[in-house]
Amino acid sequence: MEGCNDVILCLSCLNHSFFPLTMLPCVCWLQLILILLSCVLRTRGQNCPATCLCPDPHTVDCSGRGLTRLPDEIPLDVRRLLLADNWIPRIPSDFLVLYSDLVYLDLRNNSLSHIEPGTLSTSSRLVFLDLGSNNLTEIPKGTFGESRSLIKLRLGNNPYLSMVNEDAFLGLTSLRELELERNALSTLKVGALSQLPSLRVVRLEGNPWVCNCNFANLFTWLMENSHKLPNGVEGMECSLPMDGRRVSLTQLSKDSFRECQATLTLTDLLIIIFSGISVSVVAIMTSFFLASTVHCFQRWSKGTKGDEEESEE
């Protein structure tokens with residue numbers, strides 16, 4: 001506050017000056033500007049969390065501080081929030097409600113195991129989000145709401161991430177880069193990728209993909225969009241379902257999944273079973289009806305013969 005006191009003294013001096021303001025030396029004005037600037041910078045610096053750094057008025061850097069929870073007193077006008085390399089286990093669902101100017105959020109290398117639905121849906125201006133190197137297990141529907149400004153999303157290096165909902169990225173119409181490398185994904189619905197109209201780069205390498213029928217549609221999509229893979233399909237492998245042997249996707253073709261085209265779904269199987277049962281029931285009823293008809297006809301024939309014989313006698 002020393003700089004601010006200097007400003008007050010300087011202004012007081014100016015008010016009691018016997019000379020017009022235009023006659024004051026330029027040095028006095030320059031000194032006044034420097035004091036005012038110093039006062040403003042010091043005031044902004046006081047809003048920075050105690051354990052963090054604030055290199056500029058809109059950046060809060062709390063990386064590598066050993067934090068086990070989100071810091072307090074984050075400036076409301078923060079635009080870049082760096083929280084990487086800590087031990088933060090969760091993000092409160094209402095955390096981002098007040099930070100409407102946030103465009104860059106780095107939560108890389110923490111202890112996040114899940115993201116509550118709706119947590120990120122309030123970040124209307126968020127452009128960059130890094131959730132890599134955490135303990136995420138799944139990405140359910142509604143995780144990101146409709147963050148239409150999001151351009152780059154990092155979800156790689158989550159060793160327990162084995163499930164991504166088909167609608168997990170629904171509404172991310174501006175997303176250009178998606179990283180899902182080195183997770184625990186064995187399969188992925190094509191809809192999760194095909195509903196991203198602006199997607200330019202996707203990283204999927206390093207996952208334990210299984211080359212079964214569930215992988216067939218994804219394989220077709222990858223072959224058609226290989227230009228979106230940084231290393232092409234050459235950088236991806238999958239396990240053969242028979243012996244678990246890892247093979248490069250370059251060794252496979254659509255013919256490798258030819259048998260999957262004839263694979264029946266559960267609905268198809270139920271229809272076939274129901275149809276078979278219905279046909280069997282109809283056949284049994286028809287047989288019973290025919291047998292009853294034949295039996296009645298035989299009895300009627302015998303009765304007619306008996307009447308004729310009695311008439312002849």
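A residue is counted as exposed when its relative accessible area is over 50%, as buried when that area is under 20%, and as partly exposed in between. The structure examined here is a predicted model. By this criterion E73 is exposed, because its relative accessibility is 64%. E73 lies in the loop between β2 and β3. Its phi angle is near 60°, a positive value in a residue other than glycine.

A positive phi is also found at N157, where the angle is near 60° and the residue is again not glycine. N157 belongs to the loop between β7 (152-154) and β8 (163-164). With a relative accessibility of 30%, N157 is classed as partly exposed.

The loop between β2 (59-61) and β3 (80-82) also holds R79. R79 is partly exposed, at 40% relative accessibility. The C-alpha atoms of R79 and V103 are 5.3 Å apart in space, although the two residues are 24 residues apart in sequence. R80 lies over the face of the Y104 ring, at 4.7 Å from the ring centre.

Charged pairs were examined next. Side chains of opposite charge can pair when their charged atoms come close. The structure holds 12 salt bridges. One of them joins the side chains of E179 and R154, with an N to O distance of 3.5 Å. E179 is in strand β9 (residues 177-179) and R154 is in strand β7, so this pair ties together parts that are 25 residues apart in sequence. E179 is buried, because its relative accessible area is 12%, whereas R154 has a relative accessible area of 26% and is therefore partly exposed.

The side chains of R203 and E205 form another salt bridge, at 2.6 Å from N to O. Here R203 is partly exposed, with a relative accessibility of 23%, and E205 is buried, with a relative accessible area of 13%. A salt bridge is also formed by the side chains of D243 and R245, at 3.6 Å from N to O. D243 is exposed, since its relative accessible area is 53%, while R245 is partly exposed at 46% relative accessibility.

Strands of a sheet pair through backbone hydrogen bonds, either parallel or antiparallel. The strand order is β11-β12-β13, and the pairing is mixed. β11 (209-210) and β13 (246-248) are the edge strands, each of which pairs on one side only. β11 runs parallel to strand β12 (residues 237-239), and the two are joined by 2 bridges. Within this pairing, W209 has C238 of β12 as its bridge partner.

A pair of aromatic rings is described by the distance of the centres and the angle of the planes. The structure holds 6 aromatic pairs. Among them is the pair of W209 and F215, which is tilted, with 5.9 Å from centre to centre and 40° between the planes. W209 and F215 are both buried. A tilted pair is likewise formed by F219 and F257, with 5.2 Å between the centres and 40° between the planes. F219 lies in helix α4 (residues 213-224) and F257 in the loop between β13 and α5, so the pair ties together parts that are 38 residues apart in sequence. F219 and F257 are buried as well. Ring pairs link W209, F215, F219 and F257 into a cluster.

V281 is located in helix α5 (residues 266-312). The relative accessible area of V281 is 41%, so this residue is partly exposed.

Methods:
Residues are numbered from 1 along each chain as its sequence is written. This is a predicted model: local features need pLDDT of at least 70, side-chain atom pairs count only at pLDDT 80 or more; totals for chains, interfaces and linings use all residues. Side-chain values use heavy atoms; hydrogens and water are left out. Helices (H or I, at least four residues) and strands (E, at least two) are DSSP runs, numbered from the N terminus. Buried means under 20% relative accessible area, exposed over 50%, partly exposed in between (1.4 Å probe, protein chains only). Two strands pair if DSSP finds at least two bridges between them. Rings of Phe, Tyr and Trp (its six-membered ring) pair if their centres lie within 6.5 Å; planes under 30 degrees apart count as stacked, over 60 as edge-to-face and the rest as tilted. A charge sits over a ring if NZ of Lys or CZ of Arg is within 6 Å of the ring centre and within 35 degrees of the ring normal. A salt bridge is a side-chain nitrogen of Lys or Arg within 4 Å of a carboxyl oxygen of Asp or Glu.
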